[in-house]
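Please keep the structure in view while reading the points below.

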Amino acid sequence: MSKSLHLISLGCTKNLVDSEVMLGRLKHFALTPHIDEADVIIVNTCGFIESAKQESIQTILDASNKRKNGAILVVSGCLSQRYTKELRAEIPEIDIITGVGDYDKIDVMIQELKSVRSQGVFLSDWHNERVIIGSRFHAYIKLSEGCNQSCSFCAIPTFKGRLHSRTLSSAIKELENLYVQGFRDFTFIAQDSSSYMRDLGQKDGLIALIHAVDKLNLPISARIFYLYPTTTSLQLIESIAQSKSFLPYFDMPIQHIADSMLSLMRRGADKKRHIELLKAMKAVPQSFVRTSFVLGHPGESERDFLELCDFVQDFGFDRANLFAYSPQENTPAFSMPNKISAKLTNARITALNKIIKAQHKAHNKALLNQEVDIICEGKSEMSEYFYKARLKLWGRDIDGEILINDSELCDTNGEPLALKEGYYRARITAHKQNFLFAKVVG
């Protein structure tokens with residue numbers, strides 16, 4: 001009988017890709033949603049900010065407490081890369097501990113009950129088989145690992161190293177392989193996607209990727225996450241705008257807008273450059289502009305915060321995420337003076353979030369009675385009577401959910417057709433409590 005495996009993948013979508021590589025190496029295991037029935041439990045951790053660390057630690061402890069006798073507990077990922085010694089000392093119940101460099105060796109580790117932790121970082125190539133979880137239609141493709149930026153608050157370069165890109169041919173080959181498997185919607189990801197292939201001597205690697213994907217002439221949709229202001233060019237924005245495969249989706253975390261904060265945060269570009277790029281993105285027809293901000297960074301004055309609020313109010317992002325500054329050892333911001341209290345940081349997040357939520361609500365209301373292209377993602381977890389979907393333009397799981405409660409599609413006998421994962425045409429019929437409701441019309 002095959003043994004069973006329970007996987008918990010925490011953190012970002014880049015972590016998810018690594019988790020899917022591990023599943024590819026462990027295809028002979030039967031996946032189980034029940035942790036107490038699994039012979040092997042893998043927790044792929046996140047260690048980016050303090051809240052993520054705490055979630056990872058609690059998840060490891062819960063997994064240890066819930067596992068059956070004899071079950072193997074494996075801990076991998078960013079937290080275990082950063083804090084291997086501490087985890088071994090504090091949670092000796094962990095059977096195998098590995099970091100971010102050996103996802104492709106997970107089968108050997110489990111077979112030999114042996115920990116492996118390389119100093120390098122693993123980057124999936126096209127020949128690394130993945131078991132995509134959560135969708136049969138959408139897949140993430142990781143372009144690079146590591147980062148050459150020097151943001152004051154970010155610890156990623158300290159444990160993932162400098163930028164390491166895969167080749168263009170490798171990325172294209174993986175896309176083609178996934179297409180053959182039935183996937184049609186793709187999101188390209190990295191720590192800094194707009195720096196893709198700069199370490200290989202190519203300044204405009206992302207533009208080369210866009211052109212290469214377009215040349216495939218495949219009926220797909222694609223988007224890019226995590227552009228960086230200093231490596232995003234007007235030419236890149238235009239390439240996305242003109243692409244027949246890539247959607248006009250622009251995800252560029254800017255973290256702040258006040259020049260004093262951009263300098264303290266070591267972001268490498270000033271307010272003027274940010275505005276130039278953002279306006280160019282917004283000028284693209286049917287574009288969608290997403291960003292994120294860090295609040296409470298040491299040295300953030302009330303004037304800086306109010307400048308940010310005014311800018312967000314005036315610009316009107318389609319989506320924006322807010323993060324409280326999280327002190328990270330071995331980063332420049334960790335020892336900076338003029339710390340901001342948690343109380344003040346939370347108050348600023350609440351105030352800015354009010355503006356963002358109002359804009360989000362207005363954007364959703366503007367969709368009422370419109371016919372739009374959507375991607376159906378199967379039955380909704382909310383109710384068996386709904387299908388869940390998102391705008392074709394939106395990113396998976398992060399930009400919103402549309403509930404399908406009606407359809408004009410019928411079989412030859414006039415019976416309603418069951419909706420499968422894929423593209424549809426729908427009319428937005430209602431907006432309630434941050435949910436959009438729609439009727440499929442084609």
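A pocket, as the word is used here, is an open set of grid points with protein on both sides within 12 Å along at least five of seven lines, and its volume is the space filled by probe spheres set on the points. The model is predicted, and the points that follow are grouped by topic.

**Domains**

- The domain assignment divides the protein chain into domain 1 (4-112), domain 2 (138-366) and domain 3 (368-440).
- Between the C-alpha centres of domain 1 and domain 2 there is a distance of 28 Å, and the contact takes 15 residues from domain 1 and 15 residues from domain 2.

**The second largest pocket**

- The second largest pocket has a volume of about 580 Å³, and its lining is made up of 24 residues, with Q286, S287, L367, L391 and L393 lying nearest its centre.
- Two or more residues of this lining come from each of the elements β11 (246-251), β12 (288-295), α13 (342-365) and β14 (371-379), and β14 gives the most, with 3 residues.
- Because domain 2 (138-366) and domain 3 (368-440) both give residues to the lining, the second largest pocket lies between them.

**The helix pair α12 and α13**

- Helix α12, which covers residues 302-315, packs with α13 at an angle of about 5 degrees, and the axes of the two helices are 10 Å apart.
- Angles under 35 degrees count as roughly parallel, and α12 and α13 are therefore roughly parallel to each other.
- On the α12 side the contact is formed by E302, F305, L308, C309, V312 and Q313, which meet R348, A351, L352, I355, I356 and Q359 in α13.
- The residues of this contact between α12 and α13 divide into 8 nonpolar, 2 polar and 2 charged.

Terms used
Residues are numbered from 1 along each chain as its sequence is written. This is a predicted model: local features need pLDDT of at least 70, side-chain atom pairs count only at pLDDT 80 or more; totals for chains, interfaces and linings use all residues. Side-chain values use heavy atoms; hydrogens and water are left out. On a 1 Å grid over the protein atoms alone, a cavity is a set of points where a 1.4 Å probe fits but cannot get out, and a pocket is an open set with protein on both sides within 12 Å along at least five of seven lines; lining residues have an atom within 4 Å of a point. Helices (H or I, at least four residues) and strands (E, at least two) are DSSP runs, numbered from the N terminus. Domain bounds come from an automatic or database domain assignment. Axes are lines fitted to C-alpha atoms, for helices over the stretch in contact, and angles run from 0 to 180 degrees between N-to-C directions. Angles under 35 degrees count as roughly parallel, over 145 as roughly antiparallel, 65 to 115 as roughly perpendicular and the rest as oblique. Contact means heavy atoms within 4.5 Å. Ala, Val, Leu, Ile, Met, Phe, Trp, Tyr, Cys and Pro count as nonpolar, Asp, Glu, Lys and Arg as charged, and the others, Gly among them, as polar.
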